[in-house]
Amino acid sequence: MDSLNSLVDGFGTALTPVNLLWAALGVLLGTAIGVLPGIGPAMAVALLLPVTYGLEPTGAFIMFAGIYYGAMFGGSTTSILLNTPGESAAVVAAIEGNPMAKAGRGAQALAAAAIGHFTGGMIGTILLVVLAPTVASLAVDIGAPDYFAIMVLAFIAVTSVLGSSRIRGLASLLIGLTVGLVGLDQMTGQQRLTFGSLQLADGIDVVIVAVGLFAIGEALWVAAHLRRSTGTPIPVGRPWLGRADVRRTWKSWLRGPVIGFPFGAIPAGGAEIPTFLSYVTEKRLSKHRDQFGKGAIEGVAGPESAASASAAGTLVSMLTLGLPTTAVAAVMLAAFQQYGIQPGPLLFEREPDLVWGLIASLFVGMVLLLALNLPLAPLWAKLLRIPRPYLYAGILFFAAVGAYAVGGEALDLVILLVIGVLGFGMRRYGLPVLPAVIGVILGPAAEQQLRRALQISDGSVTGLVDTPFSVTVYVIVLLILLWPPVKKVITRVRA
Amino acid sequence: MTTETAGPPPRPTTARSWLRDHSELGVCVLLLALGVLVLTDTLTMDVDLTQRGPVGPRTVPAVVGAGLVLVALLLAVDVLRGGRGEAEGGEDIDLAEPADGRTVALLTGVFLAFAVLIGPLGFPIAGALLFWGSAYALGSRHHDRDPLIAAGLSLVTYFVFDNLLGVPLPGGPLMGVL
């Protein structure tokens with residue numbers, strides 16, 4: 001009952017005219033950016049970080065949440081009309097959505113996706129309301145060794161689960177950890193990797209790392225391989241669904257969150273795996289299995305619902321444990337740090353207005369998104385025609401604004417460019433970007449927790465594994481590490 | 001670097017084409033260099049300062065540095081065995097085309113110029129040059145439209161950030177005149 005009361009208070013915060021304005025601005029910007037090819041939600045949030053420097057935190061996070069959900073909504077439009085998914089979560093939407101659009105059923109595909117996002121987001125956010133306070137109260141007692149264990153889990157999961165090569169994931173993580181080391185040691189004030197530079201003593205700002213890797217790196221990478229002939233989007237009318245379509249899709253909308261939400265909460269790469277699992281499930285359960293691959297509406301509805309629910313699941317881990325499970329959550333965590341707020345179990349006690357205002361605004365944002373997206377879809381589709389030179393020049397432009405706004409230093413722009421070139425190289429040689437960002441953001445915190453834990457245990461390594469919680473987490477870490485060799489043995493035995 | 005001397009190439013190819021095929025070894029070299037840099041910094045650290053707790057400021061950098069060296073070697077082994085990093089795809093990316101180094105170099109130059117010019121020229125002018133230059137580098141040749149869009153975007157951004165959002169940007173001589 002407690003969380004219900006808090007939620008009502010949260011609506012009090014979210015429904016003030018100013019915050020309503022931020023939510024509306026967030027979903028509009030988010031949808032626009034999601035529709036724009038080449039910009040994913042993580043880059044969107046990173047680019048828009050500086051916009052919020054002058055805002056108070058509640059308004060800023062309400063806007064971020066709107067951008068996150070909006071970008072998810074918008075991404076599926078690109079997939080369906082252009083058949084070129086910009087982010088991995090929208091790949092599945094293209095498989096069935098694009099054939100539908102080609103067959104003249106684009107309006108139905110867009111509607112199935114939009115309502116799927118709405119349902120998935122609603123169910124996911126309700127689960128967030130129910131679960132987050134419980135998780136937070138369970139986690140209130142966890143100490144330094146437990147935090148360190150969670151962060152180790154995040155590091156291992158992000159390098160092992162994502163991407164095709166573990167060694168490349170690990171290389172990326174270590175690069176991130178190295179960047180995180182630059183500056184003064186938090187506990188002793190010792191200078192590390194500063195080479196005597198006063199500006200480096202403050203450390204490299206997380207915003208610059210995120211913008212550099214996500215925005216500059218991506219823009220340079222696209223510039224090197226720019227497609228000279230861009231695909232033409234399929235024209236589409238106002239999205240709507242007939243009764244027969246609704247009968248086919250309502251179960252898919254409800255099944256999506258069951259798969260999406262838990263996967264969002266664990267560090268398994270965000271919406272990529274659950275959307276795919278949802279697709280496979282829908283295919284197995286459908287009465288129209290022969291239509292799959294040629295434009296089955298269930299194959300759009302289920303995965304899109306799963307994608308939005310996974311975003312809500314991501315927020316559970318981010319808000320209650322301070323554990324970012326996706327790139328967007330990692331950037332949002334960086335935003336929290338900008339405001340000097342530490343997400344974690346105590347967040348719900350220390351900043352109830354902020355947290356519940358944020359959660360309530362998710363509901364508001366979802367209603368706004370549905371109201372905006374159904375009638376405005378043809379308008380959003382026009383964004384797909386933006387000339388590519390303007391699009392990527394704009395990304396570079398706003399990345400520069402963002403990096404300069406951090407501290408008003410021209411040197412930051414040079415650091416930004418260096419990190420951007422690094423991001424370019426990482427894309428060229430298949431080093432995933434997310435582990436590096438997680439390394440920069442969580443690295444310093446992990447070191448602090450490690451040293452705190454060892455301080456308590458007086459240097460004994462057993463101090464890291466003296467709680468049931470941390471032991472459980474390390475067992476999970478071991479399972480993740482051991483899975484590939486075990487799988488190899490299993491397939492060999494079977495063969 | 002041990003990886004460069006890893007025996008003769010399997011097929012009768014020139015040394016240059018072998019290096020091009022194994023350009024990923026450059027990543028190993030960079031990782032190794034970074035690892036050595038971190039380790040050197042750790043070893044030369046002056047830790048006479050008050051060390052609180054059993055773990056000082058050197059432990060984690062030492063682990064990270066050693067990890068970088070190890071990963072550099074493992075990656076080199078992987079590359080020499082034929083492992084390749086998968087280049088990232090995307091909406092506007094055509095991986096069938098060879099990389100266009102000229103565009104990337106031009107963009108980098110334009111961005112560096114912005115970093116240099118933002119001080120003396122202020123944001124509105126430097127920002128417009130950044131957008132125009134980038135669009136030009138990316139292949140836009142609308143000489144009537146491009147500068148207007150660049151100037152408009154830069155001015156609007158300046159006013160929105162400086163006046164509405166409370167994020168100060170340097171106005172430069174242009175704003176001194178207006």
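This is a predicted model: local features need pLDDT of at least 70, side-chain atom pairs count only at pLDDT 80 or more; totals for chains, interfaces and linings use all residues.
Trainee: How are the rings of A:Phe397 and A:Phe398 arranged?

Mentor: Their planes stand at 90° and their centres are 5.1 Å apart, so the pair is edge-to-face.

Trainee: Is A:Phe397 buried or exposed?

Mentor: A:Phe397 is buried, at 1% relative accessible area. A:Phe398 is partly exposed, at 32%. The cut-offs: buried is under 20% relative accessible area, exposed is over 50%, partly exposed lies in between (1.4 Å probe, protein chains only).

Trainee: And what about B:Phe111 and B:Phe114?

Mentor: That pair is tilted, because the planes are at 55°, with ring centres 6.4 Å apart. B:Phe111 and B:Phe114 are three residues apart in helix 4 (residues 101–121) of chain B, so about one helical turn separates them. Both are buried. Helices (H or I, at least four residues) and strands (E, at least two) are DSSP runs, numbered from the N terminus.

Trainee: Which residues do ring pairs link into a cluster?

Mentor: From chain A, A:Tyr390, A:Phe397 and A:Phe398; from chain B, B:Phe111, B:Phe114, B:Phe123 and B:Phe131.

Trainee: OK, the interface. How many residues does the contact take from each chain?

Mentor: Chain A gives 74 residues and chain B gives 76. Contact means heavy atoms within 4.5 Å. The two chains bury about 6,400 Å² between them, 71% of it on carbon and sulfur atoms. Buried area is the accessible area (1.4 Å probe) that two parts lose on being put together, summed over both.

Trainee: How many salt bridges are there between chain A and chain B?

Mentor: Two. One is A:Arg168 with B:Glu24, at 2.9 Å, N to O. The rule wants a side-chain nitrogen of Lys or Arg within 4 Å of a carboxyl oxygen of Asp or Glu.

Trainee: Which helix of chain A gives the most to the side that touches chain B?

Mentor: Helix 16, with 14 residues. That side of chain A has 46 nonpolar, 16 polar and 12 charged residues. Here Ala, Val, Leu, Ile, Met, Phe, Trp, Tyr, Cys and Pro count as nonpolar, Asp, Glu, Lys and Arg as charged, and the others, Gly among them, as polar.

Trainee: Switching topic. Where does A:Ala109 lie?

Mentor: In helix 5 (residues 91–139) of chain A. A:Ala109 is buried, at 0% relative accessible area. Setting aside neighbours within four places in sequence, its contacts are A:Ile80, A:Gly97, A:Met100 and A:Val300.

Trainee: Last one. How many helices and strands has chain B?

Mentor: Seven helices and zero strands. Of its 178 residues, 38% are buried. Among contacts in chain B between residues at least 6 apart in sequence, 58% join residues at least 24 apart.

Methods:
Residues are numbered from 1 along each chain as its sequence is written. Chains are lettered from A and ligands numbered from 1 in the order in which they are written. Side-chain values use heavy atoms; hydrogens and water are left out. Rings of Phe, Tyr and Trp (its six-membered ring) pair if their centres lie within 6.5 Å; planes under 30 degrees apart count as stacked, over 60 as edge-to-face and the rest as tilted.
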